[in-house]
Amino acid sequence: SRYAVTFAREKARFSKWGPKKIEYALRSKHISDEHIKRALKEADEFIDKDTLKELLTKKARSVNHKNSYDLKVKLLRFGVSRGFEYDDVKSILSTILESD
């Protein structure tokens, strides 16, 4: 249990992983569902929309793209691969791309 909580906190805080990716990593280490839920609850303070917005904004500056659609697809894929929910990534992307 302590390992799962520490793992989740560190991945959320330092690696900027979303809850889905943390959950998948803990499942691959054969951690029980009860411990995973507790770990995600403990790491929840580091997993927020501001973190996701910061990640996507930073990535938008560095990604090569042909047009705005290409940029949106690449950023959407990046956000989901980091373990964030599709709907959260999509909503934050719309605010980021509108401001550009």
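Predicted model: local features only at pLDDT ≥ 70, side-chain atom pairs only at ≥ 80, totals over all residues.

Student: What makes up the protein chain, in helices and strands?

Tutor: The protein chain has 6 helices and 0 strands. Read along the sequence, the pattern is α-α-α-α-α-α. The C-alpha atoms fill a box of roughly 45 × 20 × 20 Å along the principal axes.

Student: Why is H4 called oblique to H5?

Tutor: Helix H4 (residues 49–62) and helix H5 (residues 68–81) pack at an angle of about 135 degrees, with their axes 10 Å apart. That angle makes H4 oblique to H5. Under 35 degrees counts as roughly parallel, over 145 as roughly antiparallel, 65 to 115 as roughly perpendicular, and the rest as oblique. The axes are lines fitted to C-alpha atoms, for helices over the stretch in contact, and angles run from 0 to 180 degrees between N-to-C directions.

Student: Which residues of H4 and H5 make the contact?

Tutor: On the H4 side they are Leu55, Leu56, Lys59 and Ala60, and on the H5 side Leu71, Leu75, Phe78 and Gly79. Contact means heavy atoms within 4.5 Å. By class, the contact of H4 with H5 has 6 nonpolar, 1 polar and 1 charged residues. For those classes, Ala, Val, Leu, Ile, Met, Phe, Trp, Tyr, Cys and Pro are nonpolar, Asp, Glu, Lys and Arg are charged, and the others, Gly among them, are polar.

Student: How do H2 and H3 pack, and at what angle?

Tutor: H2 and H3 pack at about 145 degrees, with axes 10 Å apart. Pro19, Ile22, Glu23, Leu26 and Arg27 of H2 meet Asp33, Ile36, Ala39 and Leu40 of H3. By class, the contact of H2 with H3 has 6 nonpolar, no polar and 3 charged residues.

Student: How do you know that glutamate 42 and arginine 9 form a salt bridge?

Tutor: A salt bridge needs a side-chain nitrogen of Lys or Arg within 4 Å of a carboxyl oxygen of Asp or Glu. The side chains of glutamate 42 and arginine 9 meet at 2.7 Å, N to O, and the pair qualifies as a salt bridge. Glutamate 42 lies in helix H3 (residues 33–43) and arginine 9 in helix H1 (residues 2–13), so the pair ties together parts that are 33 residues apart in sequence. By this rule the count comes to 6 salt bridges.

Student: What is the distance between the closest N and O atoms of glutamate 85 and lysine 20?

Tutor: They are 3.6 Å apart, and the two residues form a salt bridge. Glutamate 85 sits in the loop between H5 and helix H6 (86–99) and lysine 20 in helix H2 (residues 19–28), so this pair links distant parts of the chain, 65 residues apart.

Student: Which residues do salt bridges with shared partners join into one network?

Tutor: One part is the salt bridge between arginine 27 and aspartate 33, at 2.5 Å from N to O. Salt bridges that share partners join Glu23, Arg27 and Asp33 into one network.

Student: Why is threonine 51 called buried?

Tutor: Threonine 51 has a relative accessible area of 12%, so the buried label applies. Buried means under 20%, exposed over 50%, and partly exposed in between (1.4 Å probe, protein chains only). Threonine 51 lies in helix H4. Leaving aside neighbours within four places in sequence, threonine 51 is in contact with Lys16 and Phe46.

Student: What makes arginine 2 exposed?

Tutor: Arginine 2, found in helix H1, has a relative accessible area of 73%, so arginine 2 counts as exposed.

Student: And why is glutamate 42 called partly exposed?

Tutor: Its relative accessibility is 30%, so glutamate 42 gets the in-between label. Arginine 9, at 36%, is partly exposed too. Of the 100 residues of the protein chain, 33% count as buried.

Methods:
Residues numbered from 1 in each chain as written. Heavy atoms only, no water. Helix = DSSP H or I, 4+ residues; strand = E, 2+ residues; numbered from the N terminus.
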